Amino acid sequence: MSHCQPKYRRVVPAATTKLREIEVMIISAQDLKNVKHVTQVRAYAVVYVEKEYHAARTGVDEQGGTNPTWNEVVKVKFREDLLENDVLAALNVDIYAHGRVREKPVGSARVLLCDVLKGGDEREPADNPVQCMTVQVWRPSGRPHGLLNLWVPPTGRFLMRRESLSFSAREAVDGEEVEVEEEPVVKGGQEA
């Protein structure tokens with residue numbers, strides 16, 4: 001057995017395996033363990049359900065230290081049949097301290113998918129309420145240390161974004177309401 005084998009094997013899904021994609025907003029973390037000791041922690045998060053299929057990564061927060069703020073939406077893929085076959089399927093968030101020589105694990109958090117994905121229509125605000133959650137971050141040693149703030153929409157997708165931002169609005173000008181027509185969005189020299 002060779003010592004140069006990678007720690008994680010990348011599994012290529014079979015052509016018949018359908019993948020589901022969900023969106024997750026990684027907001028921030030608080031009171032993380034300072035694993036750098038000499039320099040400030042520059043944290044980033046790796047988000048996955050099944051690491052062998054797909055993992056997404058946030059950017060590095062250069063200034064937050066042990067209280068990083070990302071406010072990033074990442075997309076995570078996993079096997080579509082996983083929710084039906086595994087009640088313990090979870091969204092995992094591993095937090096690392098970025099370094100010049102190596103990445104140091106800070107901690108990880110886990111949220112069961114059955115607790116956050118409820119279904120519904122992603123275009124319907126009633127089916128997609130804003131529900132931020134705070135979960136415990138666990139050190140690799142198994143001790144709790146810090147909190148992670150995130151949001152997983154119940155439908156797995158954030159509200160559909162309108163293609164056109166053109167709409168009529170009422171604007172108060174000197175105490176009087178005036179009808180204002182917004183400019184249409186222009187993409188590549190053509191009106192969208």
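These legends walk through a few close-up views of one predicted model.

The model is predicted, so local features need pLDDT of at least 70, side-chain atom pairs count only at pLDDT 80 or more, and totals for chains, interfaces and linings use all residues. Residues are numbered from 1 along each chain as its sequence is written, and side-chain values use heavy atoms, with hydrogens and water left out.

**View 1. The whole chain, before zooming in.** Here we have two helices and twelve strands; both kinds of element are DSSP runs numbered from the N terminus, helices being H or I with at least four residues and strands E with at least two. Starting at the N terminus, the order reads β-β-β-β-α-β-β-α-β-β-β-β-β-β. Of the 192 residues, 32% are buried, where buried means under 20% relative accessible area, exposed means over 50%, and partly exposed is in between (1.4 Å probe, protein chains only). The chain exposes about 12600 Å², with 49% of that coming from carbon and sulfur atoms; the areas come from the Shrake-Rupley method with a 1.4 Å probe, and for residues only the protein chains shown count as cover. Take the contacts (heavy atoms within 4.5 Å) between residues at least 6 apart in sequence: 63% of them join residues at least 24 apart.

**View 2. Arg 157 reaches back to strand β1.** The side chains of Arg 157 and Glu 23 meet in a salt bridge, 3.8 Å from N to O. A salt bridge here is a side-chain nitrogen of Lys or Arg within 4 Å of a carboxyl oxygen of Asp or Glu. The pair links distant parts of the chain, 134 residues apart: Arg 157 lies in the loop between β8 (144-151) and β9 (168-173), and Glu 23 in strand β1 (residues 19-30). Glu 23 is buried, at 6% relative accessible area, while Arg 157 is partly exposed, at 24%. Glu 21 joins in too, giving a network of salt bridges that links Glu 21, Glu 23 and Arg 157.

**View 3. Two loops meet at Glu 62 and Arg 42.** The structure holds six salt bridges, and in this one the closest N and O atoms of Glu 62 and Arg 42 are 2.6 Å apart. Glu 62 sits in the loop between β3 (55-57) and β4 (69-79), and Arg 42 in the loop between β1 and β2 (43-48), 20 residues apart. Glu 62 is partly exposed at 44%, and Arg 42 is partly exposed at 27%.

**View 4. Glu 50 pairs up with Arg 79.** This is a salt bridge as well, with the closest N and O atoms 2.6 Å apart. Glu 50 is buried, at 7%, whereas Arg 79 is partly exposed, at 24%.

**View 5. Thr 58, tucked into a loop.** Look for Thr 58 in the loop between β3 and β4. With a relative accessible area of 2%, Thr 58 counts as buried. Leaving aside residues up to four places away in sequence, Thr 58 touches Ile 26, Tyr 44, Ala 45, Trp 70, Glu 72 and Val 74.

**View 6. The β5 and β6 hairpin.** Strands β5 (residues 90-97) and β6 (residues 104-112) run antiparallel, joined by eight bridges; two strands pair if DSSP finds at least two bridges between them. Six residues lie between the two strands of this hairpin. Ala 97 stands opposite Lys 104 in β6.
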